[in-house]
Amino acid sequence: MAAGDPLVVIGDALLDIDLDGRADRCSAEAAAPVIDVAHHTFRPGGAGLAARLAAAGDREVVLIAGFAADEAGARLRGLLDGHVRVIALPLHGSTICKQRVRAIGPWARSNGHVRAKEPRRPILITRIDSGTGRASADPLPDEARAALAAAQAVLVSDYGRGIAAHPQIRALLRAQARHVPVVWDPHPHGPVPIPGAALVTPNRAEALALLSGRLDDGPDLWKLAKGWAVDAIAVTLGPEGALLCLRASGKRSRIPLPVAAKAPGGSDTCGAGDSFAVAATAHVGEGSGPERAVRRAVLAAAEFVGCGAAAVFAESEPAPRSGGTAEADSAWS
């Protein structure tokens with residue numbers, strides 16, 4: 001990207017929280033693990049994570065997102081300040097928080113089953129989502145309009161909380177898409193992408209829902225690209241790579257992930273889709289065609305997972321001592 005031309009991320013910023021500990025026993029009330037929490041970690045999620053990922057290079061990054069006036073919102077801003085330029089929009093309600101409860105130990109369960117051997121990596125026990133925040137339709141501040149006008153590329157990181165449906169934002173993006181690439185990372189509860197988007201990046205589940213479960217059969221993906229009037233769709237397939245469809249030609253290409261680039265089984269994949277979308281946006285912003293951008297994005301997402309995924313942006317603090325144990329503290333120190 002040219003110097004002074006920012007990559008703009010616009011979307012719904014979340015606060016991601018991990019509660020990590022040990023599961024050495026089950027509850028007396030039910031066959032459920034009791035987690036002695038040793039650490040809390042906090043990191044930006046959603047569009048906030050996408051912006052932090054984009055800022056890992058030397059480029060300027062601007063994040064346009066809604067922020068609630070609560071403690072979680074202040075913590076989220078603290079995780080972003082100094083890394084990206086934040087343009088805060090009003091968010092009605094409370095900050096959206098996604099908490100993962102993870103554990104090691106004999107009662108750490110996967111898919112409801114106790115493992116024969118204690119897992120070496122923490123097992124996801126459950127995820128707890130909270131928060132009521134939704135973006136308002138208030139007029140955009142001049143600073144936001146100016147940032148979009150100056151963008152070299154735009155990533156819409158939609159997490160279904162109203163930013164991507166904002167009428168003024170959609171109008172500005174439609175106009176901007178005539179001049180600079182707009183990449184749209186969709187959400188099942190969000191609006192359809194704007195016409196003219198350079199690339200749309202649903203994951204496999206999102207694509208299957210849109211295509212009635214027929215990802216590989218017939219011209220359905222091409223029809224979807226035509227219906228949305230977007231240049232290309234890249235369906236992310238995890239360790240299988242991506243499936244790219246070009247609207248102009250109808251060409252469909254499988255873009256595999258090389259075996260040598262695959263992360264070990266059981267690796268944390270949190271944020272892999274955001275990493276893919278950010279890398280694709282950066283490459284189309286630099287002039288790459290969709291196929292080259294998607295190939296680079298597949299590799300970037302794999303490297304991100306191999307390096308620890310979203311955990312690299314986490315800030316940790318010890319859990320309160322009242323519910324923990326010395327063994328739990330030593331296991332996670």
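The structure is a predicted model, in which local features need pLDDT of at least 70 and side-chain atom pairs count only at pLDDT 80 or more, while totals for chains, interfaces and linings use all residues. Residues are numbered from 1 along each chain as its sequence is written, and side-chain values use heavy atoms, with hydrogens and water left out. Helices are DSSP runs (H or I, at least four residues), numbered from the N terminus.

**Helix 7 and helix 8**

- Helix 7 (residues 272-285) and helix 8 (residues 290-306) have axes that come within 8 Å and cross at roughly 140°. (Axes are lines fitted to C-alpha atoms over the stretch in contact, and angles run from 0 to 180 degrees between N-to-C directions.)
- That angle makes helix 7 oblique to helix 8. (Angles under 35 degrees count as roughly parallel, over 145 as roughly antiparallel, 65 to 115 as roughly perpendicular and the rest as oblique.)
- (Right-handed is when the near helix is turned clockwise from the far one by less than a right angle.)
- Contact (heavy atoms within 4.5 Å) involves residues of helix 7 including Phe276 and His283, and residues of helix 8 including Arg296 and Phe304.
- The contact of helix 7 with helix 8 has 13 nonpolar, two polar and one charged residues. (Ala, Val, Leu, Ile, Met, Phe, Trp, Tyr, Cys and Pro count as nonpolar, Asp, Glu, Lys and Arg as charged, and the others, Gly among them, as polar.)

**Helix 1 and helix 7**

- Helix 1 packs with helix 7 at an angle of about 50°, and their axes are 9 Å apart.
- Helix 1 and helix 7 are therefore oblique to each other, and their crossing is right-handed.
- Leu49, Ala50, Leu53 and Ala54 of helix 1 meet Asp274, Ser275 and Val278 of helix 7.
- Five nonpolar, one polar and one charged residues make up the contact of helix 1 with helix 7.

**Helix 3 and helix 4**

- The axes of helix 3 (residues 142-150) and helix 4 (residues 167-176) cross at roughly 20° and come within 10 Å.
- Helix 3 and helix 4 are therefore roughly parallel to each other, with a right-handed crossing.
- Arg145, Leu148 and Ala149 of helix 3 are in contact with Gln168, Leu172, Leu173 and Gln176 of helix 4.

**Second largest pocket**

- The second largest pocket has a volume of about 390 Å³. (On a 1 Å grid over the protein atoms alone, a pocket is an open set of points with protein on both sides within 12 Å along at least five of seven lines, a cavity is a set where a 1.4 Å probe fits but cannot get out, and lining residues have an atom within 4 Å of a point.)
- Of its 17 lining residues, Leu53, Ala56, Ser275, Ala279 and Ala300 are the closest to the centre of the second largest pocket.
- Helix 1 (47-54), helix 7 and helix 8 are the elements that each give two or more residues to this lining, and helix 7 gives the largest share, five residues.

**Cavities**

- The whole structure holds four cavities of 30 Å³ or more. (A volume is the space filled by probe spheres set on grid points, which are joined across faces, edges and corners.)
- The largest cavity has about 60 Å³ of space, and its lining residues include Asp12, Leu91 and Arg161.
- The second largest cavity has a volume of about 40 Å³, and Asp138 and His166 are among the residues that line the second largest cavity.
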